[in-house]
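Have the sequence and the 3D view ready.

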Amino acid sequence: MPAKRVLILGGTAEARQLADALSQEPAFAVITSLAGRTSEPSLPESEIRIGGFGGVEGMSRYLADERIELVVDATHPFAAVISRSAFEACKASGVCSLHLVRPAWVRQPGDAWTVVPDIEAAAQALQTGQRAFLTTGSSGLQPFADRASDIHFIARMIESPNEALPEGFQIVRARPPFSLQDESAFLRDHAIDVLVTKNAGGTSTYAKIEAARHLSLPVIIVDRPKDVPDADADTVEAMLDLMRAHAG
Ligand code: NAP
């Protein structure tokens, strides 16, 4: 039987792990797609393509041109635009789509969370005079710009932001994973009053949540986008099982 042609929408550790696992399985021929935002992405060993498709139409064309038989959306839980596009393109093209979404973090005893629906609400929830640790990514900074006169922001990200930032923003570049020890030291050393983050889920960036809990610091946490296709699997292993059943 010819190998099933699979497109993995990536940009996450799970997408890379999935591609690496499938490269050992002759039943699948895998292409991973990346948006091209990070300059040194962690790449799978198998084939990749880089850059946007050009919306639903562009992706539909790509699916036809590459004779893709299955799309696995393994993008970040906050990458809602590409998830919706993939769902629509697959529906229009009659291609099966599966969605891998890692579980969200769940509030634990001792967590002082304020859950907000979006980044704009997170900016509004901050209090004058606070030193805020932002881990919302380089594209999520602009909504905080209006608060830069009354709040000191320390923003951590993998890449430097494209846009110019107002004075008062301190940028720290770093790549996960982060340990509990390092995150606790970071929060103490920078005299952080409040952590602002998205509910990304997963283990590689969870230590800051634990560190905030141990230091009794408040956390403003942006809830996941609502209008995205339902998850079919929440771990790489569960997705592999589904895909094998699909191929069989
Ligand atoms: P997004 O808002 O959902 O997508 C914006 C546009 O970027 C899409 O319309 C698409 O362009 C292109 N795109 C996104 N992911 C792509 C992929 N895997 N392959 C090809 N094109 C892609 O996405 P985002 O939030 O900017 O995230 C971009 C990438 O970074 C994703 O791959 C995601 O997994 C990863 N990431 C995101 C976050 C986050 O917090 N959002 C965190 C870590 C990693 P076209 O419409 O032209 O096709």
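What follows covers a helix pair, some aromatic rings and one arginine.

This is a predicted model, where local features need pLDDT of at least 70, side-chain atom pairs count only at pLDDT 80 or more, and totals for chains, interfaces and linings use all residues. Residues are numbered from 1 along each chain as its sequence is written, and side-chain values use heavy atoms, leaving out hydrogens and water.

Start with helix 1 (residues 13-22) and helix 7 (residues 236-247), whose axes come within 10 Å and cross at roughly 45 degrees. Helix 1 passes helix 7 in a right-handed crossing. On the helix 1 side, Glu14, Gln17, Leu18, Ala21 and Leu22 meet Val236, Met239, Leu240 and Met243 of helix 7, where contact means heavy atoms within 4.5 Å. These residues divide into seven nonpolar, one polar and one charged.

Now the rings. Rings of Phe, Tyr and Trp (its six-membered ring) pair if their centres lie within 6.5 Å; planes under 30 degrees apart count as stacked, over 60 as edge-to-face and the rest as tilted. The count comes to five aromatic pairs, including these two:

| Pair | Type | Centre to centre | Between planes |
|---|---|---|---|
| Phenylalanine 53 and tyrosine 62 | edge-to-face | 5.2 Å | 65 degrees |
| Phenylalanine 153 and phenylalanine 169 | stacked | 4.8 Å | 25 degrees |

Phenylalanine 153 sits in strand 8 (residues 152-157) and phenylalanine 169 in strand 9 (residues 169-173), 16 residues apart. Ring pairs also link Phe144, Phe153 and Phe169 into a cluster.

Finally, arginine 213 lies in helix 6 (residues 207-214). Arginine 213 has a relative accessible area of 18%, so it counts as buried (under 20% relative accessible area; exposed is over 50%, partly exposed in between, with a 1.4 Å probe and protein chains only).

Key: Axes are lines fitted to C-alpha atoms, for helices over the stretch in contact, and angles run from 0 to 180 degrees between N-to-C directions. Helices (H or I, at least four residues) and strands (E, at least two) are DSSP runs, numbered from the N terminus. A crossing is left-handed if the near helix is turned anticlockwise from the far one by less than a right angle, and right-handed if clockwise. Ala, Val, Leu, Ile, Met, Phe, Trp, Tyr, Cys and Pro count as nonpolar, Asp, Glu, Lys and Arg as charged, and the others, Gly among them, as polar.
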